[in-house]
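Please read the following walk through a model of two chains with the structure open beside the text.

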Amino acid sequence: MTVETTEPTPHLPDRLRAALGLTPVAPHYFFYRHRAWVRIAHWLNALCLAILLMSGLGIFNAHPALYWGNGSNFDHPILSLTATADDSGAVTHGWTWIFEKPHDTTGFLGASRQDGEMTARGFPVWATLPGPQWLAMARQWHFAFAWILAINGVLFLIYALVSGHIRRDLAPTGRELGHLPREIVDHIRLKFPHGEAARRYNALQKLAYCFVLFILGPLIVLTGLTMSPTMDAAFPFLPWIFGGRQSARTIHFLCAFSFLAFFVIHIAMVVLSGTWNNLRSMITGWYAIRTERRREPERPIKEDMA
Amino acid sequence: MTDRRTFLGRALAGSSTLLLSGCYDLSQKPWFTGLLGQVENLSRTAQHIFAGPHTLAPEYSRADIAPVFRANGTLDPGTPDYAAHVASGFKNWRVTIGGLVDHPLSLSMDGIRKRPSRTQITRHDCVEGWSCIGEWTGAPLAPLLAAAGPKPDARYVIFYCADPMTAEGDPEHYYYESLDLTEAMHPQTILAYRMNGQELPVAHGAPVRLRAERQLGYKQPKYVQRIELASDFSHVGAGKGGYWEDLGYTWYGGI
């Protein structure tokens with residue numbers, strides 16, 4: 001074993017090295033973590049959810065208010081985005097009304113800049129698809145990608161059930177659920193499983209994926225269908241279970257933002273637990289696993305020096 | 001560090017703009033909008049399979065009726081012709097049923113009111129996203145169409161309205177709409193002349209409007225004057241089957 005005196009890269013804490021995606025310090029081997037059909041379904045979902053969220057906000061902007069019940073009680077919305085103008089008619093302020101209490105959200109919600117000019121619009125132009133207000137086109141994008149998401153979701157569920165992916169990889173066991181408090185604390189402290197433990201999803205991950213797969217996904221599809229008058233004729237129980245068409249629209253909106261929250265946390269976890277290793281595994285399938293240091297006879301130089 | 005943050009911020013904003021303008025450009029490309037049109041056919045076919053020709057839209061109780069039913073689109077056609085009809089209490093208003101039929105009809109408002117009527121408390125869903133519940137009374141369209149005797153090649157029912165959408169006198173720009181024969185013959189499809197127990201107000205389409213309860217609001221034209229049965233609708237307006245369809249909205253309005 002030769003000892004080098006100069007380090008090829010500046011010395012960085014392991015966790016930061018991992019986050020930056022630099023070669024793991026410890027020896028590692030590659031583990032085939034995601035099969036091709038999981039990877040394809042994953043990226044298709046990512047594309048669909050991005051387009052659905054943004055076209056959905058475009059649709060929402062046509063009437064940026066939410067209600068509870070079957071009809072719209074225009075005087076008492078749960079949430080509404082409005083704009084106010086000065087005497088010359090120029091839009092000056094945007095307001096977000098939550099339970100009829102106004103909050104000044106100028107520049108973001110209610111009124112924001114479009115081509116440099118303050119414009120009355122619910123969500124800003126950078127958040128909607130297509131950018132400028134165009135309800136007819138936003139609806140067409142939304143329905144097209146809703147079909148892709150639904151078909152992809154159903155195929156994924158069927159295959160995941162048949163192949164044992166759900167039983168083997170996604171359903172948390174009783175023992176794992178017992179470790180949940182410990183895992184929550186670890187996640188808050190940004191301590192993630194590594195080594196052999198990283199071969200499997202942890203209980204928090206499993207719960208998050210199961211929540212999206214079995215609750216959030218079906219809920220957003222069903223509340224979406226409830227907004228269609230023809231579907232309400234076909235399945236009258238739909239508006240009934242959600243407490244009315246406008247309630248379904250409100251739940252649909254909340255589900256969309258739950259997906260957004262899931263996405264934000266998901267990306268944060270990907271970055272914090274090793275961006276490139278995670279990305280590589282979701283693109284090529286291969287995930288690098290650090291082997292236990294104690295059992296490794298050939299240790300890298302830096303470890304020896306430490 | 002600040003530089004990097006500015007750079008990252010700009011890169012993010014730049015790529016999102018690129019993505020968005022990409023989507024905007026795609027929305028103008030015929031091949032792409034054609035693809036989206038195929039999705040519309042898929043939605044229509046799937047919904048027809050699940051809904052069938054006879055399932056009814058939910059009906060509600062009097063207690064559910066909206067205190068304020070929003071009037072949308074044209075609130076008053078505003079033409080001298082229409083004003084004269086209002087002044088005379090729509091005494092001379094006629095609704096004609098023609099086109100691909102064996103026996104063209106011309107009905108007065110009294111004639112329509114004397115027909116068997118249906119009263120339904122239903123939910124009106126606007127394409128914008130809001131809903132209002134109201135009570136409607138009118139003559140079911142199916143027996144009227146049956147009386148006119150559709151020819152075998154009649155597939156669509158086109159409704160011509162009295163409200164001009166642009167400069168007056170331009171016949172192409174009066175409001176019009178179309179339904180397929182299945183939706184037109186649906187039991188809840190009525191020529192409504194009463195709303196919430198009163199004469200239909202001008203803002204809601206006096207003297208008579210269409211109610212097609214499994215469809216969005218824009219498929220339910222107001223101020224109906226002429227009904228034409230046809231094998232297609234390419235000869236009307238821009239040929240897309242309705243005023244809003246000509247402006248890019250989907251012809252299928254069940255979703």
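In chain B, the centres of domain 1 and domain 2, taken over C-alpha atoms, are separated by 35 Å. Domain 1 of chain B covers 1-51 and domain 2 of chain B covers 57-246; domain bounds come from an automatic or database domain assignment. This is a predicted model, in which local features need pLDDT of at least 70 and side-chain atom pairs count only at pLDDT 80 or more, while totals for chains, interfaces and linings use all residues. Residues are numbered from 1 along each chain as its sequence is written, and chains are lettered from A and ligands numbered from 1 in the order in which they are written.

Chain A is also divided into domains: domain 1 is made of 14-61 + 128-291, and domain 2 of 64-127. The C-alpha centres of these two domains of chain A are 30 Å apart. Their contact takes 17 residues from domain 1 of chain A and 15 residues from domain 2 of chain A, where two residues are in contact if their C-beta atoms, placed from the backbone, lie within 7 Å. On the domain 1 side, helix H2 (36-60) and helix H10 (245-272) of chain A are the elements that give two or more residues. Helices (H or I, at least four residues) and strands (E, at least two) are DSSP runs, numbered from the N terminus. H10(A) gives the most to that side, with six residues. By class, the side of domain 1 of chain A that touches domain 2 of chain A has six nonpolar, nine polar and two charged residues. Here Ala, Val, Leu, Ile, Met, Phe, Trp, Tyr, Cys and Pro count as nonpolar, Asp, Glu, Lys and Arg as charged, and the others, Gly among them, as polar.

Both of these helices also take part in helix packing. Two packed helices are described by the angle between their axes and the distance between the axes. H2(A) packs with helix H3 (residues 135-163) of chain A at an angle of about 150°, the axes being 8 Å apart. Axes are lines fitted to C-alpha atoms, for helices over the stretch in contact, and angles run from 0 to 180 degrees between N-to-C directions. That angle makes H2(A) roughly antiparallel to H3(A); angles under 35 degrees count as roughly parallel, over 145 as roughly antiparallel, 65 to 115 as roughly perpendicular and the rest as oblique. H2(A) passes H3(A) in a left-handed crossing, a crossing being left-handed if the near helix is turned anticlockwise from the far one by less than a right angle, and right-handed if clockwise. Among the residues that meet are Trp37(A), Leu44(A) and Ile59(A) in H2(A), and Leu135(A), Trp141(A) and Tyr159(A) in H3(A). The residues of this contact divide into 16 nonpolar, six polar and one charged.

H10(A) packs with helix H7 (residues 203-226) of chain A; their axes come within 8 Å and cross at roughly 145°. The crossing of H7(A) past H10(A) is left-handed. The contact includes Val212(A), Leu216(A) and Ile220(A) of H7(A) and Ile251(A), His252(A) and Phe259(A) of H10(A). By class, the contact of H7(A) with H10(A) has 11 nonpolar, five polar and one charged residues.

Chain B holds an open sheet of five strands in the order S2-S1-S10-S5-S6, with mixed pairing. Two strands pair if DSSP finds at least two bridges between them. Strand S2 (105-108) and strand S6 (174-180) of chain B are the edge strands, each pairing on one side only. From one strand to the next, the twist averages 15°. Strand S1 (residues 94-99) and strand S10 (residues 224-230) of chain B pair in the parallel sense over four bridges. Ile97(B) has Ile227(B) in S10(B) as its bridge partner.

What does each chain give to the contact between chain B and chain A? Chain B supplies 40 residues and chain A 30 residues. On the chain B side, helix H1 (2-26), helix H2 (30-51), strand S3 (118-125) and strand S4 (131-140) each supply at least two residues. The largest share of that side, seven residues, comes from H2(B). By class, the side of chain B that touches chain A has 22 nonpolar, 11 polar and seven charged residues.

Some backbone details remain. A cis peptide bond joins Leu129(A) and Pro130(A), with omega about -15°; Pro130(A) is in the loop between strand S7 (117-121) and H3 of chain A. Another cis peptide bond joins Ala206(B) and Pro207(B), with omega about 0°.
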